[in-house]
Every structure is written in C-alpha cells, then in structure tokens.
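The following note sets out my reading of the fold, for discussion. The points move from the chain as a whole to the sheet and then to the helices around it.

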Amino acid sequence: MRSSTPEDLSGRCERCYLPTALCLCADVPVIPTRTELLIIRHNKESQKSTNTARIAALALPRCHIVSYGAPGAPFDASVLDTPDTWLLFPDAPEAEGPPPKRLVVIDGSWAQARRMVQRVPALRRLPGLRLPPPAPDTRRLRKPPHPDGMSTLEAMAGALARLEGEELAKPLLTLHELMIERVLASRGRLGWENYL
C-alpha cells in the first residue's frame, strides 16, 4: 500500500510535496490579505502530501505555520498573545466587532484539532469565527468525520471571504480544486497525461 506521506522527497517537489510532474507551485497565486493568518499545524500533518495548510501558506504572504505536538518540543503558547486575534474553530465563542488583525487556524484531523484546543487554554480564550457547513457535494481528498468538516484551505478561504470579501477567496478555492486534481492524478485516479 502506498503512503500519502513521502518519507523522502525523491521525485517530489520540495514545496508542494506533489510528484514533480504534477507540481502545482507555478499555479499558486499570490493573495495579499489584510488579515494575518497563523496556522497551528499538528506535527502528524506536516509531512502529508494532502496537507492543504502547506498549499495555503504558499499562496498567502501573511500566513505563518507553527508546529504542535512534535516530540520533545512543547508548544509555545506565547505565539497567541498578539492582540486582536480570533480563532477559526466551530466550537469557539462567536466574536463580535470589527474584523481581527490576526486569525488562528487549527490544522489537523478533527480529533487532533479538538485535542489541540482542549490542551492549549490560550486557544479557548480567543474569540471565534464560525463558518457555515460546506455544500454536501464538495470534492474531498479525505472524508471528514462529520458533514461540517472541511480542509484547512477551504476553511481559510471561507474565513477570508467573510472577513475580506468573496473575490479574495475565489483564487484559494480554485487552488483547492487544482490540488485535488493533482493529488488524484498522482494516485492514478486521473490521467497524468493532462499534466505532461
């Protein structure tokens, strides 16, 4: 059985982790945002070729990823101390008032994300931003455990649409679709010839 996590990057792009013939880096748009984005990514997600947070960070100059759960490396919650910071999470208390300067995004499986929020008290104190559930026919690389689930890239696009307008989010959603196509092609579920 082939793993979706590259143990080494032989034959893969070092930025997007897709096979070099399917690399999507040349198609990644640069999307300037007013909002700073901080992704807290579970360590187990960092090497997965299906990790959409990596792709979002390539497109968003004001996006930064920090790791959570690496062995021997406790999470430094001081990264959450910036004033006017909200949390993108379904269970967070809904924020009111003007849009935040910074948005924290949790990246991991649903179980990982819930545990991260439970184990970091500073996350639970942040005002929240909630999104409506995605359309039921939305294409997926991984099946979410509940109907409200979505990839990190989709969630970030939804949050930016709400905070800065639909037009800003459209290139991120297009990038998400392109990533799905390329990953499926790498798994032999779409023809490689379309990309050669």
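Predicted model: local features only at pLDDT ≥ 70, side-chain atom pairs only at ≥ 80, totals over all residues.

1. The overall composition gives the setting. The chain contains five helices and five strands, and from the N terminus the elements follow the order β-α-β-β-β-α-α-β-α-α. Of the 196 residues in the chain, 45% are buried. The accessible surface comes to about 10,400 Å², and carbon and sulfur atoms hold 52% of that area. Among contacts with a separation of 6 or more, 70% are between residues 24 or more positions apart.

2. The five strands form an open sheet with parallel pairing, in the order β2-β1-β4-β3-β5. Strands β2 (63-68) and β5 (128-129) stand at the edges, and because each has a single partner strand, one side of each is left without a neighbour in the sheet. Helix α4 (residues 152-164) packs on this sheet and touches β1, β2, β3, β4 and β5. The direction of α4 makes about 160 degrees with that of β4.

3. Which strands pair with β4, and over how many bridges? On one hand, β1 (residues 36-42) pairs with β4 in the parallel sense over six bridges; within this pairing, Arg41 has Asp107 as its bridge partner in β4. On the other, β3 (residues 85-88) and β4 are joined in the parallel sense over four bridges. Here Trp86 has Leu103 as its bridge partner in β4, and Leu87 has Val104.

4. Besides its pairing with β4, β3 runs parallel to β5, to which two bridges join it. Leu87 takes part on this side as well, with Gly128 as its bridge partner in β5.

5. Helix α1 (residues 52-59) is mostly covered, with six of its eight residues buried. These are Thr52, Ala53, Arg54, Ile55, Ala56 and Ala59. Their cover includes strands β1, β2 and β4 together with helices α4 and α5 (166-186).

6. How do α1 and α4 lie relative to each other? Their axes come within 7 Å and cross at roughly 45 degrees, and the two helices are therefore oblique to each other. The residues in contact are Thr52, Ala53, Ile55 and Ala56 of α1 and Thr152, Leu153 and Met156 of α4. By class, this contact has five nonpolar, two polar and no charged residues.

7. The packing of α4 with α5 has another geometry to record. The axes of α4 and α5 come within 7 Å and cross at roughly 170 degrees; the pair is therefore roughly antiparallel. On the α4 side, the contact is made by Leu153, Glu154, Ala157, Leu160, Ala161 and Glu164. On the α5 side, it is made by Glu166, Leu168, Ala169, Leu172, Leu173, Leu175 and His176. This contact has nine nonpolar, one polar and three charged residues.

Note on methods: Residues numbered from 1 in each chain as written. Heavy atoms only, no water. Pairing = 2+ DSSP bridges. Buried < 20%, exposed > 50% of the residue type's maximum accessible area, 1.4 Å probe, protein only. Contact = heavy atoms within 4.5 Å. Areas by Shrake-Rupley, 256 points an atom, 1.4 Å probe, with all protein chains shown as cover. Axes fitted to C-alpha atoms, helices over the stretch in contact; angles between N-to-C directions. Parallel < 35°, antiparallel > 145°, perpendicular 65-115°, else oblique. Nonpolar A, V, L, I, M, F, W, Y, C, P; charged D, E, K, R; others polar.
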